[in-house]
Amino acid sequence: MPLPRTRGTALRHRLAELRGPDVPAKALDARALAALAANPGCKRRAILDGAGVNKAALAGALGSPSAFGQSQFALTRGNAFEAKVKADGGAELLRLVREKLDRGAEPPAHARVPELTATGPEGRTARTALALREATEAPGEWTLLDHPMLALDVAGSPAFLEPDAVVVHPDGSWTVVEIKSFPMLDGSADPAKVGAAARQAAVYVLALEQVAARLESAPRVRDRVLLVCPKDFSNLPTASAVDVRKQRAVTARQLDRLTRIEDIADALPAGTCFSPELPAADLTAAVESVPATYAPECLSACELAFHCRARSLESGAVTSLGRSVRAELGGLTTVEDVLSAARSESGDPDDPAVAALRRAARLRAEALGQEAVAGCR
(Lines give C-alpha, C1' and ligand atoms only; values in the text may rest on other atoms or scores of the structure.)
Protein backbone atom coordinates (compact mmCIF):
# COMPACT_ATOMS: atom_id res chain seq x y z
CA MET A 1 0.00 0.00 0.00
CA PRO A 2 1.37 3.49 -0.80
CA LEU A 3 2.26 5.60 2.20
CA PRO A 4 0.04 8.59 3.07
CA ARG A 5 1.40 11.70 1.37
CA THR A 6 2.71 13.51 4.46
CA ARG A 7 4.14 10.38 6.03
CA GLY A 8 5.70 9.27 2.74
CA THR A 9 7.26 12.71 2.16
CA ALA A 10 8.82 12.75 5.63
CA LEU A 11 10.18 9.25 5.16
CA ARG A 12 11.70 10.04 1.76
CA HIS A 13 13.38 13.10 3.28
CA ARG A 14 14.78 10.97 6.12
CA LEU A 15 16.07 8.33 3.70
CA ALA A 16 17.71 11.04 1.57
CA GLU A 17 19.57 12.22 4.68
CA LEU A 18 20.82 8.67 5.27
CA ARG A 19 22.19 8.48 1.70
CA GLY A 20 24.08 11.71 2.11
CA PRO A 21 23.81 15.18 0.56
CA ASP A 22 23.22 15.21 -3.18
CA VAL A 23 23.66 11.43 -3.47
CA PRO A 24 21.10 10.00 -5.93
CA ALA A 25 19.12 6.97 -4.83
CA LYS A 26 20.04 3.63 -6.35
CA ALA A 27 16.85 2.18 -7.75
CA LEU A 28 15.72 -1.17 -6.44
CA ASP A 29 15.45 -3.92 -9.02
CA ALA A 30 13.96 -7.41 -8.88
CA ARG A 31 17.25 -9.00 -7.77
CA ALA A 32 17.51 -6.62 -4.82
CA LEU A 33 13.90 -7.16 -3.79
CA ALA A 34 14.32 -10.93 -4.13
CA ALA A 35 17.43 -10.79 -1.94
CA LEU A 36 15.41 -9.00 0.73
CA ALA A 37 13.06 -11.96 0.75
CA ALA A 38 16.02 -14.34 1.05
CA ASN A 39 17.12 -12.69 4.32
CA PRO A 40 14.01 -11.09 5.82
CA GLY A 41 15.53 -10.55 9.28
CA CYS A 42 18.37 -8.25 8.18
CA LYS A 43 17.60 -4.68 9.27
CA ARG A 44 20.85 -3.43 7.74
CA ARG A 45 19.89 -4.51 4.24
CA ALA A 46 16.33 -3.24 4.70
CA ILE A 47 17.39 0.30 5.61
CA LEU A 48 20.19 0.51 3.04
CA ASP A 49 17.98 -0.70 0.19
CA GLY A 50 15.06 1.39 1.38
CA ALA A 51 17.28 4.48 1.39
CA GLY A 52 18.65 3.68 -2.06
CA VAL A 53 22.26 3.39 -0.84
CA ASN A 54 24.73 2.02 -3.40
CA LYS A 55 25.96 -0.96 -1.39
CA ALA A 56 28.76 -1.79 -3.83
CA ALA A 57 30.28 1.70 -3.34
CA LEU A 58 29.64 1.40 0.39
CA ALA A 59 31.45 -1.95 0.58
CA GLY A 60 34.44 -0.51 -1.27
CA ALA A 61 34.61 2.46 1.10
CA LEU A 62 34.52 0.07 4.08
CA GLY A 63 37.51 -1.83 2.71
CA SER A 64 35.55 -4.97 1.81
CA PRO A 65 34.94 -4.60 -1.93
CA SER A 66 32.15 -6.71 -3.32
CA ALA A 67 32.66 -9.57 -5.72
CA PHE A 68 28.89 -9.76 -6.15
CA GLY A 69 27.43 -9.83 -9.66
CA GLN A 70 27.62 -11.70 -12.94
CA SER A 71 30.72 -11.89 -15.10
CA GLN A 72 30.68 -10.37 -18.56
CA PHE A 73 30.99 -13.86 -20.03
CA ALA A 74 27.91 -15.04 -18.13
CA LEU A 75 25.95 -11.99 -19.26
CA THR A 76 26.90 -12.55 -22.91
CA ARG A 77 26.02 -16.23 -22.72
CA GLY A 78 22.71 -15.44 -21.04
CA ASN A 79 21.77 -12.84 -23.65
CA ALA A 80 22.58 -15.24 -26.48
CA PHE A 81 20.47 -17.98 -24.92
CA GLU A 82 17.54 -15.62 -24.33
CA ALA A 83 17.65 -14.48 -27.95
CA LYS A 84 17.52 -18.12 -29.07
CA VAL A 85 14.53 -18.83 -26.83
CA LYS A 86 12.61 -15.82 -28.18
CA ALA A 87 13.50 -16.32 -31.86
CA ASP A 88 10.73 -16.61 -34.48
CA GLY A 89 8.30 -14.50 -32.49
CA GLY A 90 8.79 -16.59 -29.37
CA ALA A 91 7.42 -19.76 -30.99
CA GLU A 92 9.58 -22.10 -28.87
CA LEU A 93 8.94 -20.15 -25.71
CA LEU A 94 5.18 -20.24 -26.17
CA ARG A 95 5.36 -23.95 -26.96
CA LEU A 96 7.08 -24.50 -23.62
CA VAL A 97 4.48 -22.38 -21.81
CA ARG A 98 1.65 -24.44 -23.26
CA GLU A 99 3.44 -27.75 -22.61
CA LYS A 100 4.28 -27.01 -18.97
CA LEU A 101 1.37 -24.80 -17.87
CA ASP A 102 -1.61 -24.89 -20.23
CA ARG A 103 -1.96 -28.16 -22.14
CA GLY A 104 -5.68 -27.60 -22.64
CA ALA A 105 -5.17 -24.44 -24.69
CA GLU A 106 -4.90 -24.30 -28.45
CA PRO A 107 -1.33 -24.48 -29.83
CA PRO A 108 0.14 -20.96 -30.23
CA ALA A 109 0.24 -20.85 -34.03
CA HIS A 110 0.03 -17.07 -34.46
CA ALA A 111 0.94 -15.24 -31.27
CA ARG A 112 0.75 -11.47 -30.85
CA VAL A 113 4.01 -9.71 -29.86
CA PRO A 114 3.06 -6.08 -29.15
CA GLU A 115 5.55 -3.24 -29.41
CA LEU A 116 6.44 -1.97 -25.93
CA THR A 117 8.83 0.84 -26.81
CA ALA A 118 8.17 4.16 -25.06
CA THR A 119 10.05 7.08 -23.53
CA GLY A 120 11.38 6.53 -20.03
CA PRO A 121 10.39 3.88 -17.49
CA GLU A 122 7.06 5.56 -16.77
CA GLY A 123 6.18 5.52 -20.46
CA ARG A 124 7.21 1.90 -20.85
CA THR A 125 5.19 0.97 -17.75
CA ALA A 126 2.09 2.62 -19.17
CA ARG A 127 2.63 0.96 -22.56
CA THR A 128 2.99 -2.43 -20.89
CA ALA A 129 -0.22 -1.94 -18.90
CA LEU A 130 -2.06 -1.02 -22.11
CA ALA A 131 -0.69 -4.09 -23.93
CA LEU A 132 -1.73 -6.36 -21.06
CA ARG A 133 -5.24 -4.91 -21.06
CA GLU A 134 -5.60 -5.28 -24.83
CA ALA A 135 -4.34 -8.87 -24.72
CA THR A 136 -6.72 -9.75 -21.89
CA GLU A 137 -9.65 -8.32 -23.84
CA ALA A 138 -8.78 -10.51 -26.86
CA PRO A 139 -9.69 -14.03 -25.62
CA GLY A 140 -8.54 -17.05 -27.57
CA GLU A 141 -5.16 -15.58 -28.53
CA TRP A 142 -1.65 -16.03 -27.20
CA THR A 143 0.32 -12.85 -26.50
CA LEU A 144 4.01 -12.56 -25.70
CA LEU A 145 5.32 -9.41 -23.99
CA ASP A 146 9.08 -9.25 -24.50
CA HIS A 147 10.83 -7.38 -21.69
CA PRO A 148 7.78 -5.49 -20.40
CA MET A 149 8.22 -2.79 -17.76
CA LEU A 150 6.35 -3.10 -14.47
CA ALA A 151 6.18 -0.79 -11.47
CA LEU A 152 5.99 -2.03 -7.90
CA ASP A 153 5.33 0.30 -4.99
CA VAL A 154 8.21 0.08 -2.50
CA ALA A 155 8.10 2.29 0.58
CA GLY A 156 5.91 4.80 -1.22
CA SER A 157 8.05 5.02 -4.38
CA PRO A 158 7.84 3.02 -7.62
CA ALA A 159 10.52 0.40 -8.36
CA PHE A 160 10.67 -0.28 -12.10
CA LEU A 161 11.09 -3.96 -12.95
CA GLU A 162 11.77 -5.69 -16.25
CA PRO A 163 10.96 -9.43 -16.42
CA ASP A 164 12.31 -11.47 -19.30
CA ALA A 165 8.79 -12.05 -20.60
CA VAL A 166 5.13 -12.17 -19.66
CA VAL A 167 2.72 -14.44 -21.54
CA VAL A 168 -1.03 -13.83 -21.78
CA HIS A 169 -2.86 -17.14 -22.24
CA PRO A 170 -5.94 -17.58 -24.44
CA ASP A 171 -8.08 -17.62 -21.27
CA GLY A 172 -6.73 -14.18 -20.32
CA SER A 173 -4.48 -15.32 -17.46
CA TRP A 174 -0.90 -14.04 -17.14
CA THR A 175 2.35 -15.98 -16.64
CA VAL A 176 5.81 -14.71 -15.73
CA VAL A 177 8.71 -16.26 -17.66
CA GLU A 178 12.25 -16.34 -16.27
CA ILE A 179 15.07 -17.26 -18.68
CA LYS A 180 18.34 -18.33 -17.05
CA SER A 181 21.61 -19.58 -18.50
CA PHE A 182 22.33 -22.23 -15.85
CA PRO A 183 21.60 -25.76 -17.11
CA MET A 184 18.88 -28.25 -16.26
CA LEU A 185 20.57 -31.63 -16.01
CA ASP A 186 18.21 -34.60 -16.40
CA GLY A 187 15.25 -32.31 -15.83
CA SER A 188 16.49 -30.58 -12.68
CA ALA A 189 18.73 -27.61 -11.90
CA ASP A 190 20.79 -26.39 -8.97
CA PRO A 191 18.26 -25.91 -6.14
CA ALA A 192 19.96 -22.74 -4.89
CA LYS A 193 19.80 -21.14 -8.33
CA VAL A 194 16.20 -22.25 -8.84
CA GLY A 195 15.32 -20.74 -5.45
CA ALA A 196 16.90 -17.43 -6.40
CA ALA A 197 15.05 -17.43 -9.73
CA ALA A 198 11.78 -18.21 -7.95
CA ARG A 199 12.24 -15.30 -5.53
CA GLN A 200 12.96 -12.97 -8.42
CA ALA A 201 9.92 -14.21 -10.36
CA ALA A 202 7.75 -13.73 -7.25
CA VAL A 203 8.62 -10.01 -7.34
CA TYR A 204 7.32 -9.83 -10.91
CA VAL A 205 4.16 -11.71 -9.90
CA LEU A 206 3.47 -9.11 -7.20
CA ALA A 207 3.99 -6.28 -9.70
CA LEU A 208 1.67 -7.95 -12.22
CA GLU A 209 -0.99 -8.35 -9.54
CA GLN A 210 -0.93 -4.60 -9.00
CA VAL A 211 -1.46 -4.06 -12.74
CA ALA A 212 -4.27 -6.64 -12.82
CA ALA A 213 -6.01 -5.03 -9.83
CA ARG A 214 -6.37 -1.77 -11.78
CA LEU A 215 -8.30 -3.42 -14.62
CA GLU A 216 -12.08 -3.49 -14.60
CA SER A 217 -12.18 -7.28 -14.58
CA ALA A 218 -8.94 -8.37 -12.91
CA PRO A 219 -7.33 -11.30 -14.77
CA ARG A 220 -5.64 -14.15 -12.95
CA VAL A 221 -1.91 -13.85 -12.42
CA ARG A 222 -0.68 -17.44 -12.29
CA ASP A 223 1.34 -18.44 -9.23
CA ARG A 224 3.33 -20.96 -11.26
CA VAL A 225 6.00 -19.32 -13.38
CA LEU A 226 7.97 -20.82 -16.25
CA LEU A 227 11.71 -21.24 -15.72
CA VAL A 228 13.54 -21.74 -19.02
CA CYS A 229 17.13 -23.04 -19.02
CA PRO A 230 19.56 -24.82 -21.38
CA LYS A 231 18.97 -28.57 -21.55
CA ASP A 232 21.87 -30.62 -20.15
CA PHE A 233 25.09 -29.38 -21.78
CA SER A 234 23.49 -28.07 -24.97
CA ASN A 235 22.10 -24.67 -25.91
CA LEU A 236 18.62 -26.10 -26.49
CA PRO A 237 15.91 -24.67 -24.23
CA THR A 238 13.95 -26.73 -21.77
CA ALA A 239 11.59 -25.55 -19.05
CA SER A 240 10.01 -26.30 -15.71
CA ALA A 241 6.96 -24.88 -13.97
CA VAL A 242 7.90 -23.41 -10.58
CA ASP A 243 5.36 -22.68 -7.85
CA VAL A 244 6.23 -19.30 -6.30
CA ARG A 245 3.40 -18.95 -3.78
CA LYS A 246 5.74 -19.24 -0.80
CA GLN A 247 8.27 -16.79 -2.26
CA ARG A 248 5.48 -14.37 -3.15
CA ALA A 249 4.14 -14.40 0.41
CA VAL A 250 7.59 -13.81 1.92
CA THR A 251 8.34 -10.98 -0.52
CA ALA A 252 4.97 -9.35 0.17
CA ARG A 253 5.71 -9.40 3.91
CA GLN A 254 9.14 -7.88 3.29
CA LEU A 255 7.70 -5.10 1.16
CA ASP A 256 5.15 -4.39 3.86
CA ARG A 257 8.02 -4.25 6.34
CA LEU A 258 9.89 -1.83 4.09
CA THR A 259 6.98 0.60 4.30
CA ARG A 260 7.78 0.77 8.02
CA ILE A 261 11.52 1.31 7.73
CA GLU A 262 11.01 4.63 9.49
CA ASP A 263 10.97 2.48 12.67
CA ILE A 264 14.52 1.36 11.86
CA ALA A 265 15.55 4.86 10.82
CA ASP A 266 14.15 6.40 14.02
CA ALA A 267 16.27 4.03 16.12
CA LEU A 268 19.51 5.25 14.49
CA PRO A 269 21.74 7.81 16.22
CA ALA A 270 21.16 11.40 15.14
CA GLY A 271 23.19 12.40 12.11
CA THR A 272 23.70 8.86 10.84
CA CYS A 273 24.74 8.86 7.20
CA PHE A 274 25.89 6.09 4.84
CA SER A 275 27.65 8.23 2.24
CA PRO A 276 30.81 6.52 0.91
CA GLU A 277 32.48 9.95 1.05
CA LEU A 278 32.60 9.87 4.85
CA PRO A 279 35.82 9.01 6.72
CA ALA A 280 36.21 5.24 7.11
CA ALA A 281 35.78 5.30 10.90
CA ASP A 282 32.56 7.34 10.73
CA LEU A 283 31.17 5.20 7.93
CA THR A 284 31.95 1.98 9.79
CA ALA A 285 30.24 3.32 12.91
CA ALA A 286 27.16 4.26 10.87
CA VAL A 287 26.91 0.82 9.26
CA GLU A 288 27.49 -1.00 12.55
CA SER A 289 24.71 1.04 14.20
CA VAL A 290 22.21 -1.07 12.22
CA PRO A 291 22.06 -4.75 13.22
CA ALA A 292 22.74 -7.27 10.47
CA THR A 293 21.70 -10.90 10.17
CA TYR A 294 24.58 -12.48 8.27
CA ALA A 295 24.34 -15.96 6.78
CA PRO A 296 26.61 -17.68 4.23
CA GLU A 297 23.86 -17.29 1.60
CA CYS A 298 24.47 -13.53 1.70
CA LEU A 299 27.69 -14.03 -0.26
CA SER A 300 25.68 -14.64 -3.42
CA ALA A 301 23.05 -11.98 -2.81
CA CYS A 302 24.46 -8.89 -1.09
CA GLU A 303 27.31 -6.50 -1.84
CA LEU A 304 28.04 -6.02 1.88
CA ALA A 305 28.42 -9.74 2.55
CA PHE A 306 32.22 -9.70 2.98
CA HIS A 307 32.04 -6.86 5.50
CA CYS A 308 29.24 -8.53 7.47
CA ARG A 309 31.01 -11.90 7.38
CA ALA A 310 34.19 -10.38 8.81
CA ARG A 311 32.24 -8.78 11.64
CA SER A 312 30.32 -12.00 12.27
CA LEU A 313 33.55 -14.01 12.51
CA GLU A 314 35.15 -11.42 14.80
CA SER A 315 32.22 -11.62 17.21
CA GLY A 316 32.05 -15.41 16.99
CA ALA A 317 28.39 -15.33 15.94
CA VAL A 318 26.98 -18.76 15.11
CA THR A 319 25.06 -17.29 12.15
CA SER A 320 28.35 -17.43 10.22
CA LEU A 321 27.92 -21.23 10.29
CA GLY A 322 24.53 -21.07 8.56
CA ARG A 323 20.89 -20.56 9.45
CA SER A 324 20.23 -24.26 10.09
CA VAL A 325 23.00 -24.38 12.72
CA ARG A 326 21.73 -21.15 14.28
CA ALA A 327 18.20 -22.55 14.50
CA GLU A 328 19.42 -25.70 16.27
CA LEU A 329 21.31 -23.77 18.95
CA GLY A 330 18.40 -21.80 20.39
CA GLY A 331 19.60 -19.08 22.76
CA LEU A 332 23.31 -19.82 22.21
CA THR A 333 24.34 -17.02 19.87
CA THR A 334 28.15 -17.21 19.88
CA VAL A 335 30.66 -19.98 19.27
CA GLU A 336 32.13 -19.34 22.74
CA ASP A 337 28.67 -19.86 24.29
CA VAL A 338 28.34 -23.14 22.41
CA LEU A 339 31.77 -24.43 23.51
CA SER A 340 31.18 -23.34 27.09
CA ALA A 341 27.83 -25.16 27.18
CA ALA A 342 29.38 -28.30 25.67
CA ARG A 343 32.10 -28.27 28.37
CA SER A 344 29.37 -27.94 31.07
CA GLU A 345 30.81 -24.57 32.10
CA SER A 346 27.58 -22.67 31.45
CA GLY A 347 24.06 -23.13 30.18
CA ASP A 348 20.84 -24.59 31.52
CA PRO A 349 21.08 -28.42 31.50
CA ASP A 350 17.34 -28.57 30.82
CA ASP A 351 17.80 -26.61 27.59
CA PRO A 352 17.50 -29.15 24.71
CA ALA A 353 20.33 -27.46 22.79
CA VAL A 354 22.64 -27.52 25.83
CA ALA A 355 21.76 -31.14 26.60
CA ALA A 356 22.45 -32.17 22.99
CA LEU A 357 25.81 -30.38 22.99
CA ARG A 358 26.92 -32.06 26.23
CA ARG A 359 25.89 -35.46 24.95
CA ALA A 360 27.80 -34.84 21.71
CA ALA A 361 30.85 -33.76 23.73
CA ARG A 362 30.71 -36.99 25.80
CA LEU A 363 30.41 -39.12 22.67
CA ARG A 364 33.34 -37.28 21.10
CA ALA A 365 35.47 -37.76 24.19
CA GLU A 366 34.63 -41.47 24.30
CA ALA A 367 35.43 -41.88 20.60
CA LEU A 368 38.76 -40.07 20.96
CA GLY A 369 39.58 -42.11 24.06
CA GLN A 370 38.97 -45.36 22.22
CA GLU A 371 41.11 -44.20 19.31
CA ALA A 372 43.94 -43.33 21.69
CA VAL A 373 43.77 -46.78 23.31
CA ALA A 374 43.72 -48.45 19.88
CA GLY A 375 46.74 -46.35 18.85
CA CYS A 376 48.73 -47.50 21.90
CA ARG A 377 48.14 -51.11 20.95
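1. Basis. The model is predicted, and local features need pLDDT of at least 70, side-chain atom pairs count only at pLDDT 80 or more, and totals for chains, interfaces and linings use all residues. Residues are numbered from 1 along each chain as its sequence is written, and side-chain values use heavy atoms, with hydrogens and water left out. Helices (H or I, at least four residues) and strands (E, at least two) are DSSP runs, numbered from the N terminus.

2. Sheet. Five strands form an open sheet in the order β1-β4-β5-β6-β7, and the pairing is mixed. Two strands are taken to pair if DSSP finds at least two bridges between them. At the edges stand β1 and β7 (237-243), each of which pairs on one side only. From one strand to the next the twist averages 25 degrees. The pairing of β1 with β4 is antiparallel and runs over four bridges; in it, T143 stands opposite V168 of β4.

3. Helices on the sheet. Helix α6 lies across β1, β4, β5, β6 and β7 and runs at about 125 degrees to β6. Helix α8 also packs on the sheet, where it touches β4, β5, β6 and β7, and its direction makes about 150 degrees with that of β5. Contact means heavy atoms within 4.5 Å. Axes are lines fitted to C-alpha atoms, for helices over the stretch in contact, and angles run from 0 to 180 degrees between N-to-C directions.

4. Main core. A nonpolar core is a set of buried Ala, Val, Leu, Ile, Met, Phe, Trp, Tyr and Cys residues joined through side-chain atoms within 4.5 Å. Buried stands for under 20% relative accessible area, exposed for over 50%, and partly exposed for values in between (1.4 Å probe, protein chains only). The largest core has 43 residues, of which L33, L132, L152, L161, W174 and L208 touch the most other members. At least two residues each come from α2 (30-38), α7 (120-136), β2 (150-154), β3 (157-161), β4 (165-168), β5 (174-179), α8 (191-213) and β6 (224-230). Helix α8 gives the largest share, twelve residues. There is also a second, separate core of 25 residues, with V53, L58, L62 and C308 among them.

5. L161. Neighbours within four places in sequence aside, the contacts of L161 are L28, D29, A30, L33, P148, M149, L150, L152, V203, Y204 and A207.

6. Helix α11. In α11 (residues 280-288) the buried residues are L283, A286 and V287. These residues lie on the same side of α11, because they cover an arc of only 95 degrees around the axis. The arc is that of the directions from the helix axis to the C-beta atoms. Among the elements that cover the buried residues of α11 are α3 (43-50), α4 (55-61) and α12.

7. Salt bridges. The model has 20 salt bridges, a salt bridge being a side-chain nitrogen of Lys or Arg within 4 Å of a carboxyl oxygen of Asp or Glu. R95 and E92 form one of them, at 2.6 Å from N to O; both residues lie in α6 (residues 87-101), three residues apart, about one turn of the helix. R95 is partly exposed at 38% relative accessibility, and E92 is partly exposed at 27%.

8. A buried pair. E178 and K180 meet in a salt bridge of 3.3 Å, N to O. E178 is buried, with a relative accessible area of 2%, and K180 is buried as well, at 12%.

9. In α12 (residues 305-315), E314 and R311 are three residues apart, about one turn of the helix, and their side chains meet in a salt bridge of 3.5 Å, N to O. E314 is exposed at 60% relative accessibility, while R311 is partly exposed at 29%. A network of salt bridges links R44, E288, R311 and E314.

10. Positive phi. H147, a residue other than glycine, has a positive phi near 50 degrees. H147 sits in the loop between β1 (143-146) and β2 and is partly exposed, at 25% relative accessible area. S344, not a glycine either, has a positive phi of about 65 degrees. S344 lies in the loop between α14 (335-342) and α15 (352-376) and is partly exposed, with a relative accessible area of 49%.
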